[in-house]
Each structure stands twice: as structure tokens, then as C-alpha cells.
Amino acid sequence: GVLDRVMNRYSPLPERDVAPAKAALTVALGGALNGSEELRTLALDVAAELGIKEAAKTLQQIAGDQQLMTPSRVAALQSMLRLDKEQATPLIKLLLDDASPAVRAAALRGWAEIDSKAALPLLEKATRSAASVERQSAWDTLATVDDPEAARFITAGVQDYLQGRLPPDVWMNVLEASEGRVSQATQEALAEFEKQQTDPDPLALTPH
């Protein structure tokens, strides 16, 4: 943090050379990977942040191991993507069909980061997934894709919301995705709809 822990004053640390930390973790990585799941996940996350290529093989193994807990697999996939996008690509393509919805969602987010155009049809399909986590992630990812087709699909999602066809668990995701991505007419229709939802019912009982 940038605040002094005792006096709470603004006192940021100066920039420091990461080489000593990278060298130390490279030596200790093997031992850390034999520790608890929490320690292993943290060590691999830092290794990816520091660009330690030796972590790549372990990250791939963890992300692809369906016997491990989903959060560890997702974290490993995200770390692998940060460490080496090119090396992560075959892994991501493989995990797009994983049994875990959360892992599939993470893989699709990664694929959109690597090739957003190719990911668009898969994202649109994922918005109709039976798994809530996959639907929500797909809308969130569509919001990051700078493509007219993504904007068109987001607009369609807003129209489904206005007409009551959108599942409630993705309302917020679609509305957030629509910010700055839909036409003025759609924005006005959305504003009017929201106004109608918040205006008091004139026929409702009022306290005396």
C-alpha cells in the first residue's frame, strides 16, 4: 500500500529491482509447489507476474487437471495467460470444452483476449449457457470486445431485457456491458424503462 501503516500518511515505497525476487522465487518454486493449495496458487501467480518461465509447465498441468479444485485451475489458467499468451493458446482452446463452467468461462475470456474476432461466436453461444457463471462471464467479456458485432449483440441483449426475455441473473451484466456501446435511441428506451420501474404507482395506497 501507499499509506504508512502507523501514521496513515501517503508514503509510497520507491521502485525496486525485481531481479532479486525473481531469482529467489525461481530457487524456491519447487518447494512452494509442494505446499498447500493456497501457497501453490500464490507462488504460481507471483511467478507469472515476474515472468518466471519455469512455472509454465506446472501452470498447464494444474489448469488441465479436472481432479483439482476449480478456483486453482482458473487461477493457473489466468497466470499462464499472463506469463506466455502464445504458449497458453493451445491450453485455452482445449479448456473451452472443459466440464467445469467456470473453467470454460475463464478459457473463453482468455480466447477473447488473444483473438476477439474468433471468440465472438463462442461468446454469443455462452450467453445462452445453462450455467449462470458462464452466461455472466460471457456478457462481461463481450463488454471488453471492441467490435461492431459485439455491440450489436449487446444491443440485442438490452432489447431482451426491455421485453422481459432476459434471465434476471444477467440483468446487471448486460446493463453494464451496454454503457457506451448502444445507440442513443436504445439508451433513451432503457432510461424510460428504468424510470417506469422506479416511479410510484399512482393507484398504490399512500400513508395518511
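**Exercise 1. Determine how helix H4 passes helix H5 in this predicted model, and describe the contact between them.**

Solution. 

Step 1. The crossing in which H4 passes H5 is left-handed.

Step 2. The geometry of the packing is then stated. Helix H4 covers residues 70–83 and helix H5 covers residues 85–95. The two pack at an angle of about 145 degrees, and their axes are 7 Å apart.

Step 3. The residues in contact are listed for each helix. H4 contributes Arg73, Leu77, Met80, Leu81 and Leu83. On the side of H5, these meet Lys85, Gln87, Ala88, Leu91, Ile92 and Leu95.

Step 4. Sorted by class, the contact of H4 with H5 has 8 nonpolar, 1 polar and 2 charged residues.

**Exercise 2. State how many aromatic pairs a search of the whole structure finds, and classify the pair of Trp139 and Phe153.**

Solution. 

Step 1. The search finds 3 aromatic pairs.

Step 2. For Trp139 and Phe153, the ring centres are 5.4 Å apart and the planes stand at 20 degrees. Planes under 30 degrees apart count as stacked, and therefore this pair is stacked.

Step 3. Trp139 lies in helix H8 (residues 132–142) and Phe153 in helix H9 (residues 148–162), so that the pair links distant parts of the chain, 14 residues apart.

Step 4. Trp139 is buried, with a relative accessible area of 4%. Phe153 is also buried, at 12%.

Step 5. Other buried residues of H8 include Glu134, Arg135 and Ser137. The buried residues of H8 pack against H6, helix H7 (116–126), H9 and H10.

**Exercise 3. Classify the aromatic pair of Tyr161 and Phe193, and identify the cluster that contains both residues.**

Solution. 

Step 1. The centres of the two rings, Tyr161 and Phe193, are 5.3 Å apart, with 70 degrees between the planes. An angle over 60 degrees counts as edge-to-face, and the pair is accordingly edge-to-face.

Step 2. Tyr161 belongs to helix H9 and Phe193 to helix H11 (residues 184–198), so the pair ties together parts 32 residues apart in sequence.

Step 3. Both Tyr161 and Phe193 are buried.

Step 4. Ring pairs join Tyr161, Trp171 and Phe193 into a cluster.

**Exercise 4. Decide whether Gly30 and Gly180 are buried, partly exposed or exposed, and locate each residue.**

Solution. 

Step 1. Gly30 is found in helix H1 (residues 19–33). Its relative accessible area is 42%, so Gly30 is partly exposed.

Step 2. Gly180 is located in the loop between helix H10 (171–178) and H11. With a relative accessible area of 74%, Gly180 is exposed.

Step 3. Gly30 and Gln163 are 55 Å apart, C-alpha to C-alpha, and 133 residues apart in sequence.

Terms used: Residues are numbered from 1 along each chain as its sequence is written. This is a predicted model: local features need pLDDT of at least 70, side-chain atom pairs count only at pLDDT 80 or more; totals for chains, interfaces and linings use all residues. Side-chain values use heavy atoms; hydrogens and water are left out. Rings of Phe, Tyr and Trp (its six-membered ring) pair if their centres lie within 6.5 Å; planes under 30 degrees apart count as stacked, over 60 as edge-to-face and the rest as tilted. Helices (H or I, at least four residues) and strands (E, at least two) are DSSP runs, numbered from the N terminus. Buried means under 20% relative accessible area, exposed over 50%, partly exposed in between (1.4 Å probe, protein chains only). Axes are lines fitted to C-alpha atoms, for helices over the stretch in contact, and angles run from 0 to 180 degrees between N-to-C directions. A crossing is left-handed if the near helix is turned anticlockwise from the far one by less than a right angle, and right-handed if clockwise. Contact means heavy atoms within 4.5 Å. Ala, Val, Leu, Ile, Met, Phe, Trp, Tyr, Cys and Pro count as nonpolar, Asp, Glu, Lys and Arg as charged, and the others, Gly among them, as polar.
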